[in-house]
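Biologist: Hi! Could you put the model up and walk me through it?
Modeller: Happy to, here it comes.

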Amino acid sequence: FFKQKTAYEIVDCDWSSDVCSSDLLLLAALSFCWGLAWPAMRISLYELSPWTLRFFGYSLGALTLFALIRIQGRSLAIPYGRAWLHVIVASFFNVVSFGLCGTFAQLSASTSRVIIINYSMPIWASLAAWLLFREHITPRIALGLALCIGGLVVLVYPVWEASLSEPIGLMLAMGCAWGWAAGTLYMKWARIQGDLLAVTFWQIVVGVVVFAIGVLIFRSPIAFEPLKWRTILAVLFAGTFGTGIAYFIWFNIIGRLPTATASLGSLANPVVGVLGSIVLLGETLSRNDMIGFALIFSASACVLLPQRQKHPERAR
């Protein structure tokens, strides 16, 4: 059903392919998996510590992804040498820092706010690409950066005056976005040889090892007494769907869809997450929340929905 692609083949894919109904269904499934994983994690945190949650969640994600990769007949091989060093470094950005910051942030800030700040990632990735790789800042990116900063001010300033707890959570959410952006840019720079889905799987495995060490060092309790069913189901969803199946869907469709369509799918993730937080967690949105969300969402749209154009160069 899916055509296997390596990292370089995905970079060089033809974005002009038609979009079929199965692609759109996959995008909807991806938004469901990634969006609802956030409230699922918050439900899990009622009984589990962040280190324990991430250990179990990413372990389930790794097992799910391993099974799907093997069923599809793809290779898990990564070249020996520097490629493995790149995998480890990328994992600390994409898995460890992202996972820990995103989880700890929800302990002191509302999940809906954490979600929308986390999805400001495209703005920071574009800004970092300009600073590090001298990539061109287009008027759209500049507008997106201005909208993002405005949205963050609207979200953070009112709660900063009230207490320090919520701002700390929002700063952790920002760290989550920065870690994701750094990992994205590092992967672009490192250009790790091999199947991109396999590279992602090994990053998750590295993360599982780190989280296991964290459980031991910080003595995070692994509860052996019966957990509530909602906690068990939340961990299963966050790990199996929010990590394993979501990554499998994403890396299989990015080579099949036009850039704009794939970007629209990404923009749906925070919308589903925020709505899920309202329904599942009973969160409410203030006027400032809605304004801040709209500004940051618009900022991400400025970056993720560029005008369609042919690539001037192909990756070599």
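Modeller: A term to start with: a crossing is left-handed if the near helix is turned anticlockwise from the far one by less than a right angle, and right-handed if clockwise. Helices here are DSSP runs (H or I, at least four residues), as are strands (E, at least two), and both are numbered from the N terminus. This is a predicted model, where local features need pLDDT of at least 70 and side-chain atom pairs count only at pLDDT 80 or more, while totals for chains, interfaces and linings use all residues. Residues are numbered from 1 along each chain as its sequence is written, and side-chain values use heavy atoms, with hydrogens and water left out.

Biologist: Thanks. So which way does H4 pass H9?
Modeller: The crossing of H4 over H9 is right-handed.

Biologist: And what are the angle and axis distance for H4 and H9?
Modeller: Helix H4 (residues 82–105) packs against helix H9 (residues 196–217) at about 60°, and their axes are 8 Å apart. Those axes are lines fitted to C-alpha atoms, for helices over the stretch in contact, and angles run from 0 to 180 degrees between N-to-C directions.

Biologist: Which residues make that contact?
Modeller: Contact means heavy atoms within 4.5 Å. On the H4 side the contributors include Trp-84, Val-87, Phe-92 and Leu-100, and on the H9 side they include Val-199, Trp-202, Gly-207 and Phe-211.

Biologist: How many are nonpolar, polar or charged in the contact of H4 with H9?
Modeller: There are 14 nonpolar, four polar and no charged residues. In that scheme Ala, Val, Leu, Ile, Met, Phe, Trp, Tyr, Cys and Pro are nonpolar, Asp, Glu, Lys and Arg are charged, and the others, Gly among them, are polar.

Biologist: Changing topic, how many salt bridges does a search of the whole structure find?
Modeller: The search turns up two. A salt bridge here is a side-chain nitrogen of Lys or Arg within 4 Å of a carboxyl oxygen of Asp or Glu. Arg-74 and Asp-195 form one, at 2.8 Å from N to O.

Biologist: Where do Arg-74 and Asp-195 lie?
Modeller: Arg-74 is in the loop between helix H3 (50–72) and H4, and Asp-195 is in the loop between helix H8 (165–190) and H9, so the pair ties together parts that are 121 residues apart in sequence.

Biologist: Is that pair buried or exposed?
Modeller: Arg-74 is buried at 2% relative accessibility, and Asp-195 is buried too, at 5%.

Biologist: Good. Where is Ser-120, and what is in contact with Ser-120?
Modeller: Ser-120 is in the loop between H5 and helix H6 (121–133). Beyond its neighbours within four places in sequence, Ser-120 is in contact with Cys-148, Ala-177, Ile-296 and Ser-300. Ser-120 counts as buried, at 0% relative accessibility.

Biologist: And what's the phi of Arg-191?
Modeller: Phi of Arg-191 is near 50°, a positive value in a residue other than glycine. Arg-191 lies in the loop between H8 and H9 and is partly exposed, with a relative accessible area of 29%.

Technical notes:
Buried < 20%, exposed > 50% of the residue type's maximum accessible area, 1.4 Å probe, protein only.
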